[in-house]
Each structure stands twice: as structure tokens, then as C-alpha cells.
Amino acid sequence: MIVILKKGITLEEKDKVASTLKGYGFMVREIVGENETVLGAVGSVHVDPRIIELLPGVSSVVPISKPYKLASRELKKDDTIVTLGRVRIGGNRVCVMAGPCAVESYDQIMTIAEKVREAGAVVLRGGAFKPRTSPYSFQGLGEEGLKYLQAAGKAFDMPVVTEVVSPLDVEMMTSYIDMFQIGARNMQNFELLKAVGKTGMPVLLKRGMSATIEEWLMAAEYLMSSGTDQVVLCERGIRTYERATRNTLDCSAIPVVRKLSHLPVIGDPSHATGIRDMVAPMSLSLIAAGASGIEVEVHNNPEKACSDGPQSLYPQQFEKLMRDIEALCPVLGKTLEKTPRIIPQSIKEPSASVDLSTSENNVVAFQGERGAFSELAARRFFNEDVKVLPCHFFKDAFDAVSSGKASFGVIPVENALGGTVYDPLDLIKVHSELKVVGETQVRVVHNLIGFPGTKLEDIRKVYSHPQAIAQCRQFLERELPWAEAIPFFDTAGAVGFVKESGDHTIAAIAGSPAALFHNMEILRQGIETNPSNYTRFYILEREDNASAFTRGRKKEKASFLFNVSDEPGALMKVLEVLYQRGLNMQKLESRPIPGKPWEYTFYVDALIPDYSQFEETCREIASQSVGFRLLGVYENGLV
């Protein structure tokens with residue numbers, strides 16, 4: 001059962017409820033959500049729910065109808081995010097795990113680890129124990145293979161995942177790996193599931209070759225009831241009558257599981273197809289279906305692989321696949337999980353990378369209300385649990401970062417349809433203490449949001465930002481011609497206004513996070529006229545704080561501003577430097593200089609071909625301009 005607690009419940013009352021449930025024989029787990037806290041009570045005992053509802057601090061009791069209790073979406077509405085060091089699996093991220101099917105030698109795993117890391121993989125996979133159909137096939141290197149895998153993971157700063165096949169190996173393996181993998185053949189090896197679950201470590205659970213979705217989730221329940229809540233489900237193809245492929249990849253299982261369970265689900269296109277040329281298109285299919293990542297086999301010499309060579313990608317094929325995934329992610333409203341490589345020997349400070357979820361002092365400021373697209377950008381760039389500071393005006397967000405009230409700012413600078421967002425550019429110029437340390441983009445998907453059960457014919461007014469109204473004009477004219485479109489200062493704020501009004505005849509246009517935050521219903525999805533609508537955001541940080549965040553990240557792009565003298569060809573001289581130095585200018589924007597009529601500051605975003613030569617490039621630009629300032633050098637966050 002699910003025990004929903006009142007918002008004002010005291011610690012003593014909560015402990016009393018938990019102890020009462022445990023006294024009846026329930027296993028109790030507290031789940032803190034965005035809007036409510038619940039206690040999940042799981043067990044084979046039966047208790048009249050009215051007894052629990054009468055306890056102080058209890059709001060209501062809801063039974064769980066599914067046989068898998070802990071894995072059910074009924075118990076936990078929010079997506080579970082599984083953490084492997086700095087890597088997060090689930091939510092709006094796409095995580096890529098890659099490596100050989102089997103660890104064959106030290107040199108082999110080191111070579112492949114380097115190539116997949118460089119291409120963008122964030123988790124290293126490799127088998128040390130290989131359950132094979134034939135007893136004469138390569139069975140893996142055992143513990144020696146685990147040592148090689150661990151060494152490769154440390155060398156290239158990647159958590160490692162490998163398959164466990166025997167309960168007797170579980171304890172030994174915990175010192176070598178970051179994540180257990182339960183293979184398809186062992187999905188219903190319940191003693192193995194219980195032994196792995198007791199470790200509390202993250203687990204990748206593959207679907208059995210002939211398992212139903214319910215049987216798959218029940219296997220996850222074994223793991224969770226034994227002690228771990230860090231479970232990732234993996235669809236790897238099921239056995240059918242078809243022989244053209246090794247297995248039949250059940251992409252339809254992805255949205256089904258996401259609806260039934262809060263656990264993240266990824267796909268394994270390598271084992272699903274068994275054919276190298278099919279891995280890339282099936283990877284994209286899995287991600288398009290809603291998977292939170294993929295596990296792919298890569299080998300530097302697949303013709304001589306000890307296991308599954310025909311389905312292993314060449315490194316260059318994997319690199320191409322990573323570029324395709326990164327291009328697909330924004331279309332789906334997701335971002336590709338990336339972690340900067342940290343080389344331990346080069347680190348002097350204790351914090352080499354920023355994990356905002358682990359510090360009470362790290363806050364991200366943005367302009368808008370909770371549920372705004374800027375908040376979505378912050379959670380995608382950092383992590384879903386990041387602390388945020390909504391600010392009414394852009395100036396407030398800049399001031400929050402400048403004063404130290406916030407560690408970072410996520411600020412929109414350009415929209416694919418509306419063009420440049422000018423206020424932030426003007427504020428960047430006056431806040432010289434702030435640096436651009438990153439960028440990200442979010443696809444703008446507008447939704448009609450109202451009270452649950454509201455019918456379109458009952459809506460009389462629609463509130464939203466003027467730009468959002470303009471971007472949804474065709475829908476409004478076609479579906480709601482009788483409704484008045486009323487401008488509001490903010491899309492997410494419009495949803496809050498509708499909720500506070502209590503009026504079921506009004507609705508708002510905003511993103512899905514605003515509906516989730518305010519507990520409102522999406523009445524129509526994707527109502528924007530043009531689906532190719534993206535907003536680009538700068539990530540801002542104080543210059544004196546920027547070193548820890550930027551260490552280990554690629555320096556691929558630069559933003560800078562400059563003025564030019566009032567003479568013929570002055571701007572061309574600067575542009576000539578960019579051309580001669582091979583900088584690919586992606587944006588050139590001019591803004592008037594206050595107090596100097598008809599004089600302008602120019603803003604440039606450009607890709608850097610060779611960072612080692614960039615300082616000299618900056619000096620040359622400065623010599624050809626007036627008032628040059630480098631705003632930041634950072635990793636290219638755009639496709």
C-alpha cells in the first residue's frame with residue numbers, strides 16, 4: 001500500500017506510522033516527491049487501510065494493484081535516477097554504455113576503453129564471466145578479467161558494468177565493479193537476484209529471452225525487495241519465430257515499461273540484432289521509443305573477437321553512432337549524458353568536477369517561474385536534483401550569480417524562431433565578473449495545460465507569453481477559435497495563474513515541466529506550429545569559481561565581444577582574423593552602446609579549431625578592435 005503523508009507531519013508522527021507498518025510485517029520505504037511524501041509498505045500481510053488512515057499525519061492510503069510493488073509507478077510517480085559516480089541514468093538523459101562483449105586481455109580492454117571514451121561513452125562494459133550456449137565457447141577470464149576491466153575504468157574515468165553469473169562470485173566482484181549486470185539467461189535466477197540485491201549496488205537487469213514484461217518487472221522486484229533501489233532495466237530482444245535476426249527487438253516494450261514502472265529502461269541493440277549493420281538504426285529506434293540509453297558492443301578487431309564479433313561495432317562506426325544520437329536527442333527533448341574526463345594525477349584540488357546535487361551551497365539561477373524552459377535546461381545540463389533559484393527578471397538572475405547567492409546561471413540567448421534574446425547580451429557586457437562556461441539547448445514543445453478533465457469546448461481564455469501564443473497560433477485558430485488568447489509575462493507563470501484561479505474555463509500554454517510542477521493536466525501535446533523550435537542557453541559562473549567546473553571539459557567554442565573604430569573596413573579587419581585563424585563563426589550580433597548613438601558592440605560565437613593557438617588569436621583580434629573581451633571558452637553544446 002501507499003501511505004500518503006500530510007505536508008505538516010512531524011518527525012515523531014512519521015516514525016509512528018513507519019513503526020506501525022513494520023509492526024504488521026511490512027517492509028517500509030520512504031519516497032520524497034516534488035509535491036508529496038509517501039511511505040511505501042510492501043509485504044504479504046493484509047491490514048484494513050482504515051487503521052492506517054486514522055494515524056496522525058496520514059492523508060490517505062492507496063492500495064498498489066500491481067504484483068511488482070517497489071518497481072511500480074503506482075508507488076513512485078517520479079522517474080528513478082540511477083547514479084554511477086558522476087554518471088546518471090534515467091530522466092531526460094541518454095546514457096551510452098560501450099565496450100567489448102568479453103574482456104580478452106589487458107591491452108584489448110585498454111585500447112577499446114580509450115576509443116569508446118573518446119567517442120562519448122560514459123560507462124564501460126565488458127564481460128569477465130561469459131555464460132555461453134556451448135560449453136566449448138570462450139567463458140571469460142574470470143577475476144583476472146575483472147582486474148583488467150577495473151584498470152581500464154580508472155584509466156579512462158568510466159564506471160564499469162559486467163555480468164555476474166553465480167551467487168558465489170557476488171561478494172568478490174563488489175571490489176572491482178560499479179554495476180552488476182544480470183544477463184537474459186539469469187533473469188529468473190532468483191537466488192542470484194537476491195544475492196546481488198543485498199549488496200545495494202546498481203544493477204542492470206536484462207529481459208529474459210522469452211520473458212513477459214510483468215515477469216521482467218517481477219525480477220526487478222526481487223532485486224529491490226532484497227536491498228537495492230538502483231535498478232536499470234534493459235530490453236535486449238526476445239526469442240520469436242523470426243530467424244533473420246538473432247532476436248526480435250521489442251521497441252514497444254520501452255513506452256510500456258515507462259508507463260508501468262519508475263525504473264529507467266535502456267536497450268541492447270547488439271544482442272537484439274546480432275548483426276553489426278543493424279546496431280546503429282536500432283539504437284536510434286530505442287532512443288526514439290523513450291529509452292534512457294543503450295548498451296553497445298564495440299571491438300577494435302571484431303573478426304578475431306572471442307565472443308560476438310559479428311555484432312560488435314568498429315570504433316569508427318561507434319563514433320558515427322554517437323554523433324547521430326547527439327543529433328537526435330534535442331528532437332526528443334533529451335540530452336546526451338556526458339562527463340568530462342578527469343585524470344587523477346593532474347588534480348590538486350579535491351573537487352575536480354561539479355556535482356551540484358552533493359553540495360548545499362550550489363544553486364542554479366534562472367529567469368522565470370518553476371517549470372519554465374530555463375529550469376528544464378538547468379536540470380538537463382546539470383542533473384535532475386539540482387537546486388534552482390527562480391528569478392523574476394534577467395537582472396535578478398545575473399545578480400544572484402554575481403553575488404554568490406547562486407553558483408551558476410542558465411540564461412537564454414537565442415531562439416531558433418524568435419532570434420536573439422537581447423537583454424542577457426546587454427547584461428553580460430556589464431557583468432565582467434561572469435564567464436560563459438558552457439551551453440545547452442532545449443527543444444521548445446508547447447502544450448495546452450488546464451485542470452484535469454477539462455474539455456476544449458469549455459475553454460474561454462488561454463494565457464501564455466506572447467511569443468508562445470504566436471508560436472501556437474495555428475492550433476488556437478483551428479481548435480479554439482472561440483477562446484481569447486491573453487498575454488502573460490511567463491509561460492510557466494501562466495500555468496500557476498490558471499491553477500490559483502480555480503477557473504476551469506481558462507487554460508495556459510507552456511512546457512510539460514510546468515504542468516508537472518503545478519499538478520495540472522496536459523490537454524493537448526505539441527501544439528506549436530513549427531516543431532523545429534529550440535532555445536540556446538549560456539551557462540554562467542563567476543570567473544573566480546570557474547576552474548573546477550571547466551577542468552577536463554573540451555575547449556571547442558568561444559564567445560567574445562569587441563568594438564571597432566569608426567572607419568571604413570574596421571569590422572572586416574576583425575572578421576579577416578577569424579578567417580585566417582580558421583574560426584568558424586556561428587553567430588555575429590550587434591548591440592548599441594548606451595550613450596554613443598550609432599556605435600555598436602559586436603558579439604561573436606565561434607568554433608575553435610586549435611585551442612593551443614587561441615590565445616594568440618585573441619591578441620590578434622584585440623589588436624584589430626577596440627575593447628575586446630573574452631566571455632568564455634567552453635565545450636560545444638550544440639549539434
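In this predicted model, helix H6, which spans residues 190-197, packs against helix H7, which spans residues 213-226, with an angle of about 40 degrees between the two and their axes 7 Å apart. Because angles under 35 degrees count as roughly parallel and those from 65 to 115 as roughly perpendicular, H6 is described as oblique to H7. The crossing in which H6 passes H7 is right-handed. On the side of H6 the contact is made by Phe190, Leu193, Lys194, Val196 and Gly197, while H7 contributes Ala219, Tyr222, Leu223 and Ser226. Sorted by class, the residues in this contact of H6 with H7 comprise six nonpolar, two polar and one charged.

Helix H12, formed by residues 373-381, is mostly covered, since eight of its nine residues are buried. These buried residues are Phe373, Ser374, Glu375, Leu376, Ala377, Ala378, Arg379 and Arg380.

Aromatic rings were examined next. With ring centres required to lie within 6.5 Å of each other, the count comes to 13 aromatic pairs. One of them joins Phe382 and Phe408, whose ring centres are 4.9 Å apart and whose planes meet at 50 degrees, so that the pair is classed as tilted. Phe382 belongs to the loop between H12 and strand S17 (387-391), whereas Phe408 belongs to strand S18 (residues 408-415), and the pair therefore ties together parts that are 26 residues apart in sequence. Phe382 and Phe408 are both buried.

A further aromatic pair is formed by Phe562 and Phe602, and this pair is stacked, with a distance of 5.7 Å from centre to centre and an angle of 20 degrees between the planes. As Phe562 lies in strand S27 (residues 557-563) and Phe602 in strand S29 (residues 596-607), the pair ties together parts that are 40 residues apart in sequence. Phe562 is buried, and Phe602 is buried as well. Elsewhere, ring pairs link Tyr463, Phe488, Phe489 and Phe497 into a cluster.

Glu163 was considered individually. This residue is found in strand S9, which covers residues 160-163. The relative accessible area of Glu163 is 9%, and Glu163 is therefore buried, the cut-off for this class being under 20%. When residues up to four places away in sequence are not counted, Glu163 touches Phe129, Pro131, Met173, Gln181, Gly183 and Asn186.

Technical notes:
Residues numbered from 1 in each chain as written. Predicted model: local features only at pLDDT ≥ 70, side-chain atom pairs only at ≥ 80, totals over all residues. Heavy atoms only, no water. Axes fitted to C-alpha atoms, helices over the stretch in contact; angles between N-to-C directions. Helix = DSSP H or I, 4+ residues; strand = E, 2+ residues; numbered from the N terminus. Parallel < 35°, antiparallel > 145°, perpendicular 65-115°, else oblique. Left-handed = near helix turned anticlockwise from the far one by under 90°. Contact = heavy atoms within 4.5 Å. Nonpolar A, V, L, I, M, F, W, Y, C, P; charged D, E, K, R; others polar. Buried < 20%, exposed > 50% of the residue type's maximum accessible area, 1.4 Å probe, protein only. Phe/Tyr/Trp six-rings, centres within 6.5 Å; stacked < 30°, edge-to-face > 60°.
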